[in-house]
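Thanks for coming. I have one structure to go through, so please look at it while I talk.

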Amino acid sequence: MSTALDSLLDLLDLEQIERDIFRGTSRSAVIPRVFGGQVAAQALVAAGRTVPGGETDGSGPVPGIDRSPARGLAIPSAHSLHAYFLRPGDPDAPIVYDVDRIRDGRSFTTRRVVAIQHGQPIFHLSASFQTYEEGLEHQAAMPPAPDPETLPTAEESLPRYADRFSDPGVVDQLIEARAAVDLRYVDAPPFATVGEPREPRSQVWFRTNGKLADDPLLHVCMATYVSDMTLLDSVLLAHGRGGWAVGDVVGASLDHAMWFHRPFRADEWLLYDQESPTASGGRGLGQARIYTQDGRLAITVIQEGVVRVPR
């Protein structure tokens, strides 16, 4: 396991300070605020710690994410989340996650989580968990994509675009921010083709830089973390914009929704197939499907974000 991945796992291993109240820290990001994928993943960890089979009472040693062998099928697993980013997070201050146990049903368990900093909510998440059951099966076919092993890594590709950024240190910051995850673009990223509008579609392959334990919640939280990295790229591509690091747009995530359809592992290759159907009113919409390498549709993602041209 890489040092960066181990550090990310520690970041997701929240401290429990009271029943249904957890505290997390942040890591540096390219932008001067808490990375949205981090707060979403931490909130989902907090929610998952309170469902049957994963709950703790706050007494005794503070447990980490369950890194033991996979839990039984009777224990609920996350099947969806819906979230709003309310305020920019302060990376230098802890984040408190307050979990509300909305419902414990026989099939479905619902949790609401509010992330708080400096006495104000910065993020709100609703998550639903379901115990396993058989049902009808169909899915959209996986789109064509090259073998991820044939694509360049971030360390190989990002230095090629150093001249696109006003700050030469951005390349090193981007590489460091993605060190825990092997993320490979199928086509050139937005900052590689500034000024050249393209079809609003983007594909990346990703997996963690190291093996993970078998806890399903851990893999879901890792996918949640990565899902906020590139989803609005397709909005930028439609207008030939390079992105936040280039400085030709300013923006932030507004809301984020995910549906987890089938089991997957975040330490094995996943194809993130993304597109933007619309942008208007200073907002852009991204929607995506995440497939396992053998073609199973694992996750659907939709996100809207602020996308503004600087004045």
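About 880 Å³ of space lies in the second largest pocket of this predicted model. A pocket here is an open set of points on a 1 Å grid over the protein atoms alone, where a 1.4 Å probe fits, with protein on both sides within 12 Å along at least five of seven lines. The volume is the space filled by probe spheres set on the points, joined across faces, edges and corners.

Lining residues, with an atom within 4 Å of a point, number 44, and Ile31, Arg33, Phe35, Asp228 and Trp244 lie nearest the centre. By class, 28 are nonpolar, 10 polar and six charged; Asp, Glu, Lys and Arg count as charged, Ala, Val, Leu, Ile, Met, Phe, Trp, Tyr, Cys and Pro as nonpolar, and the others, Gly among them, as polar. Elements supplying at least two lining residues include α2 (36-48), α5 (216-230) and β9 (250-260). Helices (H or I, at least four residues) and strands (E, at least two) are DSSP runs.

Next, helix packing. The axes of α1 (residues 3-12) and α5, lines fitted to C-alpha atoms over the stretch in contact, come within 12 Å and cross at roughly 105°. They are therefore roughly perpendicular (65 to 115 degrees). Leu5, Leu8, Leu9 and Leu12 of α1 touch Leu218, Cys221, Met222 and Tyr225 of α5, with contact meaning heavy atoms within 4.5 Å.

On conventions: residues are numbered from 1 along each chain as its sequence is written, and side-chain values use heavy atoms, without hydrogens and water. Local features need pLDDT of at least 70 and side-chain atom pairs 80 or more, while totals for chains, interfaces and linings use all residues.

Methods. Axes fitted to C-alpha atoms, helices over the stretch in contact; angles between N-to-C directions. Parallel < 35°, antiparallel > 145°, perpendicular 65-115°, else oblique.
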